[in-house]
Structures are given as structure tokens and as C-alpha cells.
Amino acid sequence: MNLLRLNQLALMGALGLTACTSMSTATRTQTAEEQLADDQAEAGLRDHHRHQHRGGVMQFVAMSLDTLGPNDAARPQVEKLQRDLYVCMAPTGEIQRALHLTVADGVAAGAVDLAKVDGLIGQLDGAAAGVRACSVEALNQLHSALSEAERDELVEKVEAHWEIWRQVNQEDTGDRAPGGRLAALARELSLTPDQVQQAAAALHTALPARSGAFDRAQVDADVQAFAVAFRSASFDARTTSMGERSRLSSQGATRMAIFYETVAPLLTAAQRTELAGHLRNRAAQHPVVSTN
Amino acid sequence: MTRAFLKLSKGAFYVGAIVACLAATPAVAQVRIQISPPSWYIATTRPVYYEGRPSYYYGNQWHYRQGRTWHTYREEPRYLRDHRRGQRHQHDRRQYGRDHEGGYSRW
């Protein structure tokens, strides 16, 4: 009898302690599903900034509108202005599409047409310079349409996009670091450890040698200038620097092209075919205006 | 005697378990590290505007900025809790990348 009671006591105690532990941890843990969603969101954004180079800081502004969440009254106008910004980036989008297809053809063949790639990147620079002039009116209207809190948040998002862009296009040296471009490709194509090692060595040389000069401090200054101007009560895009001097679009596109030119010869025929297919899919992608 | 001892033990156990449980929670709070949403999260997630400022649900907590400093709500405000449990919260994330056909992205 006493043993039975002791067993009951032990059982109740164990249940109580389990409940207590559960209560303590419930507020701190993330489910596997949530973690997976976070991982996919981060990887997708990195992939995007590695491949889509349409308008530098202006593109960051347009993308920030995807998740700004403006008030209901401003929403239709904000969606229209986002569409206007992407229309201004259509010329760069077309050149970028041609670049993706050129690189895809080269990857499939095992050698990329460097002269054609360089020509397209030169065109991208010229077209990117026109994005700002085209976007002035839309930016000014956007400033008027948003509340102070929304303007502040848009600036935070632009800075967040710039940080991710910098990580994937400047700080990524082509090594095997998790979250890097080579690690993503290794997953995408199931590269062997030998292929990864060879690619890392080749990229270590090719990326710094061929990427050209990039003035990060200039972009930092431009983003800060935009932040200060857009947060203030009055804003005029005509007098605000939008990073057009820093050639973000062509710099990102150059890094992308060098990466694929360098790794293509190290891939098997089947891997090249698969990668070329992925690049062609990316060429077919176009901006989707958000429904905030 | 044995029955009285068992009753006493049972009572002491319950009191001890409750005290231990209550004491454990503040201990966790004391070592809690202040976290803030990373850049990729801010760039892909729609905030909820509450008390005039945007809040982000990250790491199972709501975070907001005051100036350049991040803060965390210790108690989840009812408005934010209702939002989190509602349908709209499911659409607060923007997915980018090559796997999202028909464009850069989709909701």
C-alpha cells in the first residue's frame, strides 16, 4: 500500500516537473518548421541579391516596399509607386536578362563568352545611370504618401538590403563558408568535396583579380545621405544621392559572371546543364509588385 | 505514523515543486540576452505597427526600436498577440530566390 502511494507520488512529481520545464522553455524555443522558414527566407534573399542587379539603392527602395506594410489608405498609392520604380528599372532588367542567358549558354558549353559578358556589363552601367532620373517623381510621391514611422522603417529596410548585398557581393570571397555563394552552389549541384576545394582555390584568385575597384565607403555615404534626407519632413530625390556613382548594379553583375565563369570548367557536363537551366530560370524572373 | 509521514512528504514535495518552478522562471529572465532581428529578417518581414512604431516578431518575441536601440516587449501586448494568432500573420514574410516561380518573389 505504501509502495503504491510512493509510486503515485513519484509519478505526480515527474508530471509536475515536466510541465514546469515545458513552461520555462516554451517562450524560448523555435519550432523546426519556423527555423526552416527562417533559413529559406535568408537563403532566398541572399540568392536574390547575388543574381538580381537592376538599380542599386533604388532597387533596395523598391524591394523595401515589399514588406513595409503601409497603412490601408496609402497602400494603393504605394503599390503604384513601387510599380513605377520597377518600370524605371526595366532597361537594366532587360540587360540583366541577356547577361543571365549569356552566362547560362557559356556554362552549358563549359566556357563563357567573356567579351559578350563585358559588353553587357558596360551597358548595365549606362542603363543604371538612367534609373535615378526616371525614379525622381515616384520617390518624391512615396515620401509624401508615407507616415513618419513608415519612412523611418523604409530607411531601415534599405540599410538591411545594403548590408545583405554587401555580404554576398563584397565580403563573400568564394570560400566554403556557410551561407556563401560556393556553399549554395555545392548544395544546388551536389558538388563533390574535391570540386568545392578546386572552386574555392580558383575563386580565391579570380574574384579579387577581376572584380575591379569598388568604393564601399561611397555607397555607405550615399545610403546614409538617402537615410537622412528621406527621414526628414521635406525630401527631394533630385538633390539626394542614390548611389548611382558607386555602380552597384555592374559590380554585382560582374561578381556573378566571374563566379560562374570560374566554376563552369570544374563542373561535370550534367552539372553544367543543370546550372544553365537554373540561370535561364533566373533570366525569366521579373519583379512582382507586392500586395502589401 | 507512516501515513502522516507520507502526507507530510507529499505536501512538502508540492510546495517545493511550485517554489522551484516559480524560482526557475526569473532565473531564465536574468540571463536573457537582448536579441534583435537580423538584417535579412527586417528585409523579408512585414512589421506590425503598434504604438506608432513598427514591431517585429522574431525569436518568439516582439521587438521594436527606439531611435537606434532595440527593445523587447517582456509581456506580449494583446494587439500583437491577436495579430500573431490571426490569418494575416501567415503572410508577413516575403520569399525571394530562384525557387519562387513567376517573379523574384511571392507571398
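1. The sheet in chain B is open, with four strands in the order 1-2-3-4. Its pairing is antiparallel. A strand here is a DSSP run of E of at least two residues, numbered from the N terminus. Two strands pair if DSSP finds at least two bridges between them. The model is predicted: local features need pLDDT of at least 70, side-chain atom pairs count only at pLDDT 80 or more, and totals for chains, interfaces and linings use all residues.

2. Which strands stand at the edges? They are strand 1 (48-50) and strand 4 (69-72) of chain B. Each has a single partner strand, so one side of each lacks a neighbour in the sheet. From one strand to the next, the twist averages 40°. Angles run from 0 to 180 degrees between N-to-C directions, with axes as lines fitted to C-alpha atoms, for helices over the stretch in contact.

3. Strand 3 (residues 61-66) of chain B pairs with strand 4 of chain B over four bridges, in the antiparallel sense. B:Arg65 has B:Trp70, in strand 4, as its bridge partner.

4. Helix 3 (residues 78-85) of chain B lies across strand 1, strand 2 (53-58) and strand 3 of chain B. The helix runs at about 160° to strand 1 of chain B. A helix is a DSSP run of H or I of at least four residues.

5. Chain A has 12 helices and zero strands. Of its 292 residues, 43% are buried (20 or more other C-beta atoms, placed from the backbone, within 10 Å of the residue's own).

6. Residues are numbered from 1 along each chain as its sequence is written, while chains are lettered from A and ligands numbered from 1 in the order in which they are written.

Methods
Two residues are in contact if their C-beta atoms, placed from the backbone, lie within 7 Å. A residue is buried if 20 or more other C-beta atoms lie within 10 Å of its own, exposed if 12 or fewer, and partly exposed in between; C-beta atoms are placed from the backbone.
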